[in-house]
Amino acid sequence: AKQSGRNQAHFFTAMMQEHANQRMTLEQDLRHALERDELEVYYQPIIAGNSGHVQGVEALLRWHHPERGLIPPDQFIPLAEETGLIGSIGEWVLETSCAQVSRLNKEGQSLYLSVNISERQRDLGLDADAVSAVLEHHDLKPEWLLLEITEGLLLQDSEETVTWLEGFKALGVSLAIDDFGTGYSSLGYLKRFPVDTLKIDREFIRDLNTDRYADSLVSAIISMAASLELRLIAEGVETDKQRLTLVSQGCCYMQGYLFCRPLPAAQLKQWLREYRP
Ligand code: C2E
Ligand code: CA
Ligand code: CA
Ligand code: CA
């Protein structure tokens, strides 16, 4: 038994070592991902649920790893945040998506652009001046940009964050709270932060019509958003039943596989050309 215990200890040490090595390799790879042109922005349409019209697109980052294939953002954004690489990566996402959406709009679309930003970017050079420069560079009006931040950031409730976000707001850019409903239920920050949009997390939409708790939560969020005059977007809409439930309760905007998966720019263009509401 003693022997096997020792073997197990060796086994776990080896596993932890392996894990640490993998992380270090991934980190090194991520450092080069930008210059090696391995990152790509995908776009998911945001739709008016009743008419089916496309209102905008959300930029969603992808990493084409040379050996590991397509890596989803959940697997490398946290690493990018820890290492500070999110500064240059986030800048690139904003620059690239503004360029691509501006081009689509010049070709006749009228899409707003939604971009996810990480709180770490606050200390890594992303401020109102930087955003304004990118918008000007690509000839995109601030009204056409929506920045999405997660609830976690707002819960810290710091003066710096309020000032940071007010800078964007002053430009005319819109601000959304992403994954709304998944954080701690301190709604006080809705008053304190200059947000104008809430995105209902897809875990609640998934359970719509099957879980009474999700049903009540979603209708509570919808009526709260209405009385606070916040725009509301439901994420992860996969079935027409979910769409109809949301529309009947007054939730206007939605995105999800029911309409379209996130697509590379060229495919999005094709999809927009063929889409009939
Ligand atoms: P998110 O901002 O909540 O994005 C929505 C996620 O839901 C996306 O996952 C999207 O592909 C997925 N989704 C959309 N519709 C459906 C549906 O009908 N069913 C299901 N099951 N899923 C759906 P994705 O693209 O893997 O992104 C994951 C997260 O990574 C994002 O969650 C966002 O928090 C983060 N992220 C992505 N791009 C960026 C970025 O450029 N910067 C930062 N900071 N974070 C990013
Ligand atoms: Ca988002
Ligand atoms: Ca979300
Ligand atoms: Ca999310």
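## Contacts of ligand 1

In this predicted model, a side-chain N or O atom of Arg62 lies 2.8 Å from an oxygen atom of ligand 1. Asn116 places a polar side-chain atom 3.1 Å from a ligand 1 oxygen, whereas Tyr257 makes its approach through a backbone N or O atom, at 2.8 Å. On its own, ligand 1 exposes 810 Å², of which the protein buries 86%.

The elements contributing two or more residues to its shell are S2 and S6, and S2 gives the most, with four residues. Around the ligand there are 21 residues, and those that come nearest are Arg62, Asp178, Arg202, Glu238 and Tyr257.

## The site of calcium ligand 2

Four residues coordinate the calcium ion (ligand 2) at 2.1 to 2.3 Å: Glu58 (OE), Asn116 (OD1), Glu148 (OE) and Asp178 (OD). Their spacing in sequence is E-x57-N-x31-E-x29-D. Glu58 belongs to strand S2 (residues 54-65) and Glu148 to strand S5 (residues 145-150), so this pair ties together parts that are 90 residues apart in sequence.

Both glutamates are buried: Glu58 has a relative accessible area of 4%, and Glu148 has a relative accessibility of 1%.

## Bridging aspartates

Asp178 bridges the calcium ion (ligand 2) and the calcium ion (ligand 3), which are 4.1 Å apart. Asp179, located in strand S6 (residues 174-180), bridges the calcium ion (ligand 4) and the calcium ion (ligand 3), with 3.7 Å between these ions. The calcium ion (ligand 4) is coordinated by Asp179 (OD) at 2.8 to 2.9 Å.

Terms used
Residues are numbered from 1 along each chain as its sequence is written. Chains are lettered from A and ligands numbered from 1 in the order in which they are written. This is a predicted model: local features need pLDDT of at least 70, side-chain atom pairs count only at pLDDT 80 or more; totals for chains, interfaces and linings use all residues. Side-chain values use heavy atoms; hydrogens and water are left out. Donors are N, O and S atoms within 2.8 Å of the metal (3.2 Å for Na, K and Ca); water is not among the atoms, so sites may look incomplete. Buried means under 20% relative accessible area, exposed over 50%, partly exposed in between (1.4 Å probe, protein chains only). A residue is near a molecule or strand if one of its heavy atoms lies within 4 Å of it. A polar contact is a pair of N or O atoms within 3.5 Å; within protein, one must be able to donate a hydrogen and the other to accept it, and residues adjacent in sequence count only if both atoms are side-chain atoms. Accessible areas come from the Shrake-Rupley method with a 1.4 Å probe; for residues, only the protein chains shown count as cover.
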